[in-house]
Amino acid sequence: MGIHNGIIVNDDELLAPHRCARSEPRMSVDSEAIFALAAHSQNDPRALEELAGSMATAWLDQREPGTVFAARGVGRPLWLGRGRDEVFFASTRAALEIASEYTGVRLRLTELRDGTFLALRDGRVARTARFRPDRNYVEERSLPAVRAPGQSAYCLARLAVIAAAA
């Protein structure tokens, strides 16, 4: 299970040799290629070098309970917020600032460099590695980290409702 911000353009090509069945056979979800590579490689960051496209991603692997893997390729941001006993990640600095404000946890914010792989466990970065992302992919037009108009305002309004109810 995972999340992905971006687009993988060689997903069919990558899934074919692994004989991975798509979750929904009639639907092409490019993110599945990321998670299949991670699974087949035992979460080896070098496997991500096979991906063509843009990405910031995170996933869980049931073989490693309590661990969240995160990686930033190219074309999409990935931010890390570290607290004393906590670690958060998000596509934007603003999202981590909001998390910090609402949780009361002071975070050190860092934008991860392209080609960064992390294993997060027990509120800390347990492993850091580097990989060489494919830099040949160029989007037709540069997209912002968050494309949904008004998403930030909507999320803040929802958080205010949740905080008021608590």
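Visitor: In this predicted model, which residue is the bridge partner of Asn-5 in strand 2?

Guide: The bridge partner of Asn-5 in strand 2 is Ala-56, and this belongs to a set of seven bridges that join strand 1 to strand 2, the two running antiparallel.

Visitor: How do you know that strand 1 and strand 2 count as paired?

Guide: Pairing asks for at least two bridges between the strands, and seven bridges join strand 1 to strand 2, so the two strands count as paired.

Visitor: What makes strand 2 and strand 3 a pair?

Guide: Five bridges join strand 2 to strand 3, which run antiparallel, and the requirement is at least two, so these strands pair as well; in strand 3, Phe-69 is the bridge partner of Trp-59. In the hairpin of these two strands, which has six residues between them, Gly-66 takes a positive phi near 80°.

Visitor: Why is strand 2 called mostly covered?

Guide: A residue is buried if its relative accessible area is under 20%, and seven of the eight residues of strand 2 (residues 53-60) are buried, so the strand is described as mostly covered.

Visitor: What pairs with strand 3 (residues 67-72) over six bridges?

Guide: Strand 7 (residues 116-121) pairs with strand 3 in the antiparallel sense, and Leu-120 in strand 7 is the bridge partner of Val-68.

Visitor: Why are strand 1 and strand 8 said to stand at the edges?

Guide: The open sheet has five strands in the order 1-2-3-7-8, with antiparallel pairing. Strand 1 (2-8) and strand 8 (124-130) each have a single partner strand, so one side of each is left without a neighbour in the sheet. Neighbouring strands of this sheet are turned by 15° against each other on average, direction ignored.

Definitions and conventions
Residues numbered from 1 in each chain as written. Predicted model: local features only at pLDDT ≥ 70, side-chain atom pairs only at ≥ 80, totals over all residues. Heavy atoms only, no water. Helix = DSSP H or I, 4+ residues; strand = E, 2+ residues; numbered from the N terminus. Axes fitted to C-alpha atoms, helices over the stretch in contact; angles between N-to-C directions. Buried < 20%, exposed > 50% of the residue type's maximum accessible area, 1.4 Å probe, protein only.
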